[in-house]
Amino acid sequence: MQAVPRRRALDARRRILLNGLAFTAPAALLMLAIYIVPMIVLAGFAVTDYRLGALAFEFVGLKNFADAFSDPVFMRAMWNTLIYSLIVIPFGVALGLGAALLVHGTRRTRSFWEVAYFLPVTATLVAMATVWQFLLHPSIGPVNAAIRWLGFEPVYFLSNPQVLIPTLALIGVWQVLGFNMVLFLAGLNSIPKDLYEAARLDGAKNPLDRFFVVTWPMLGPTTMFVIVTTSISALKVFETVAVLSKGRSGSETMLFALYLEGFEYANTGYAAALTLIFLAIVLVLSIGQTLHLDRKVHY
């Protein structure tokens, strides 16, 4: 008699399991088709000397990875990406927070400033890069016109190797500023007003004191998310380099180097190895930042 209830319980568990599998199967198949299978194919290409359109190729093992770290172009691209990121990440986060605090403190014009700061996020990066190309032009650009009006020589922002990467980085800060501001605004709106009142009663009457006692700790989760997303955006910079400098004057970044090897030079195997190196760097940096910042975040 006890076998019948047990069998019914097992049948119910099987139905629940089958229903769960049926619900998760579309997402699992989609992830398999979009992420897992392409990664397997990419890893397969990375250990061969395959060139786009070639009918035959050979297994070369880790040669492509060894060549990458001895390639002066790719190493320069990594260095340029590092400099770009070291400028974009701190300034993009700090200015995004500053803009959010200013906009959060306004009432009548808040909607206007939110739209104004967020416009670069909605604009096409290629089109805006063309606008920046005009603004920074050495002869007809308004930026150099102002520099000449001040009595200085014009600056060749997009052709001088010494200022090219910092110039692209400042454009990158402009691109991420609006998105970071919106994220920080969401974090500021979620802070309970009672905490500020309690801070005033405890003696934090200065707005700067209340910022460090209440606002900054409560923005911990938002700040962690903003830093990670800004870091990823900085590492995968491509559009501004492709439009403004086209990789000349040693301005290659990691993604632009991948583009050159994979699509301009048709070195598919080598480009696949560079892609895996790039993905590994992004993954390690993102996980490292998350683990490090999560210890300092108050939820």
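Helices α3 and α7 pack with their axes 6 Å apart, at an angle of about 40 degrees. Axes here are lines fitted to C-alpha atoms, for helices over the stretch in contact, and angles run from 0 to 180 degrees between N-to-C directions. The pair is therefore oblique (angles under 35 degrees count as roughly parallel, over 145 as roughly antiparallel, 65 to 115 as roughly perpendicular and the rest as oblique). This is a predicted model, where local features need pLDDT of at least 70 and side-chain atom pairs count only at pLDDT 80 or more, while totals for chains, interfaces and linings use all residues. Residues are numbered from 1 along each chain as its sequence is written, and side-chain values use heavy atoms, with hydrogens and water left out.

**Helix pairs**

- α3 passes α7 in a right-handed crossing (left-handed if the near helix is turned anticlockwise from the far one by less than a right angle, right-handed if clockwise).
- The contact of α3 with α7 has 23 nonpolar, seven polar and no charged residues; Ala, Val, Leu, Ile, Met, Phe, Trp, Tyr, Cys and Pro count as nonpolar, Asp, Glu, Lys and Arg as charged, and the others, Gly among them, as polar.
- Helices (H or I, at least four residues) and strands (E, at least two) are DSSP runs, numbered from the N terminus.
- α7 (residues 161-189) also packs with α4 (residues 110-122), at an angle of about 135 degrees and with axes 6 Å apart. That makes α4 oblique to α7, and their crossing is left-handed.
- On the α4 side, the contact (heavy atoms within 4.5 Å) includes Arg110, Glu114 and Tyr117, and on the α7 side it includes Trp174, Phe179 and Asn189. Its residues split into ten nonpolar, three polar and two charged.
- For α12 and α13, the axes come within 8 Å and cross at roughly 165 degrees. That makes α12 roughly antiparallel to α13, and the crossing is left-handed.
- Met254, Leu255, Leu258, Glu261 and Gly262 from α12 meet Tyr270, Ala271, Leu274, Thr275, Phe278 and Ile281 from α13. By class that's eight nonpolar, two polar and one charged.

- Alanine 77 sits in α3 (residues 72-104) and is buried, at a relative accessible area of 0% (buried means under 20%, exposed over 50%, partly exposed in between, with a 1.4 Å probe and protein chains only).
- Alanine 77 and methionine 254 are 177 residues apart in sequence, yet 5.1 Å apart in space, C-alpha to C-alpha.
- Skipping residues up to four places away in sequence, alanine 77 touches Glu252, Thr253, Met254 and Ala257.
- The side chain of threonine 81 reaches the backbone nitrogen of methionine 254 at 3.1 Å.
- With neighbours within four places in sequence set aside, threonine 81 is in contact with Ala234, Leu235, Thr253 and Met254.

- Asparagine 64 lies in α2 (residues 63-68) and is buried, with a relative accessible area of 8%.
- Not counting residues up to four places away in sequence, asparagine 64 touches Phe45, Ala46, Val47, Thr48, Gly269, Tyr270 and Ala273.
- Alanine 266 belongs to the loop between α12 (254-264) and α13 (268-294), and at 19% relative accessibility it counts as buried.
- The phi of alanine 266 is near 60 degrees, a positive value in a residue other than glycine. Most residues other than glycine have a negative phi.

Technical notes: A polar contact is a pair of N or O atoms within 3.5 Å; within protein, one must be able to donate a hydrogen and the other to accept it, and residues adjacent in sequence count only if both atoms are side-chain atoms.
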